[in-house]
Amino acid sequence: MEEYEKNLRNIRRHFDDPAIIVGFRRHDTMLLSLYKQYLQQGGTAPLDRFFNPGDSETIVRREDLLFKKRLQYLEDRFSRIFVYTQEEMSDRLPRLTEDLARFLGVPVPASEEVTESRKNVSVRGEFQVRLLRRLNRINRKLNTTPWLPSLDNRLFDWLDLSPRRLTQRRLAGVESSPMTLPPDLQSCLEKEFEGDWAYVRQWTENRMDYRFSTR
């Protein structure tokens, strides 16, 4: 939150009161995405240590996933705010496109002008996630052992054999069950952040009548 506030202060200082476009995703899919990104950057902790509401040493804390505070911070400092959710991009794209065009004051693009991009490659299956975490643990030991090369060296990266590229690219087609949250954690997130997500949805449902997005 501290870095978030710092970035917004910089935006306000340099651009006065610009239009803000901000997107959110449900807390469960957000947590999964954060964990995969953590592994792709060399992390080694299991999911229950990456996020555990009852552990003070958890890497991601409960407050890190609170969206209401972020929106309220925006509302206090900017007058034009457009909020959307990732789910809208797959389930309600025509409406989202129309709302965004109206918000920006530009013509609504024709449906054939809206294209999808699939350039963002991520580690998705459970097999790839388990392997990446194991390779990260090995790599961490190699980094502390003299004379042994890291698995993240330039050659391995170029050959798509570094831990991240191996699991993202070369093994992307290996059949594996999609990684999901444990049922107890899934249920905990739904209950813990139900009101927080409802606040985000309220913004999306009312964004074009400006009860929330302007003063």
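The structure is a predicted model, in which local features require pLDDT of at least 70 and side-chain atom pairs count only at pLDDT 80 or more, whereas totals for chains, interfaces and linings use all residues. Residues are numbered from 1 along each chain as its sequence is written, and side-chain values use heavy atoms, with hydrogens and water left out.

When residues up to four places away in sequence are not counted, Phe51 is in contact (heavy atoms within 4.5 Å) with Leu31, Thr58, Val60, Arg61, Arg62, Leu65, Leu185 and Leu189.

Side chains of opposite charge can pair when their charged atoms come close. The structure contains 14 salt bridges, each defined as a side-chain nitrogen of Lys or Arg within 4 Å of a carboxyl oxygen of Asp or Glu. One of these joins Asp28 to Arg26, with the closest N and O atoms 2.8 Å apart. In this pair, Asp28 is buried, at a relative accessible area of 9%, while Arg26 is partly exposed, at 34%. Accessibility was classed with a 1.4 Å probe on protein chains only: buried means under 20% relative accessible area, exposed over 50%, and partly exposed in between.

A further salt bridge connects the side chains of Arg92 and Glu205 (3.1 Å, N to O). This pair links distant parts of the chain, 113 residues apart: Arg92 lies in the loop between helix H5 (86–91) and helix H6 (93–104), and Glu205 in helix H11 (residues 194–206). Arg92 is partly exposed, with a relative accessible area of 30%, as is Glu205, with 41%.

Within helix H6, Arg102 and Asp99 are 3 residues apart and therefore separated by about one helical turn; their side chains form a salt bridge at 3.8 Å, N to O. Arg102 is partly exposed, with a relative accessible area of 44%, whereas Asp99 is buried, at 5%. Salt bridges with shared partners unite Arg92, Arg95, Asp99, Arg102, Arg201 and Glu205 in one network.

Methods
Helix = DSSP H or I, 4+ residues; strand = E, 2+ residues; numbered from the N terminus.
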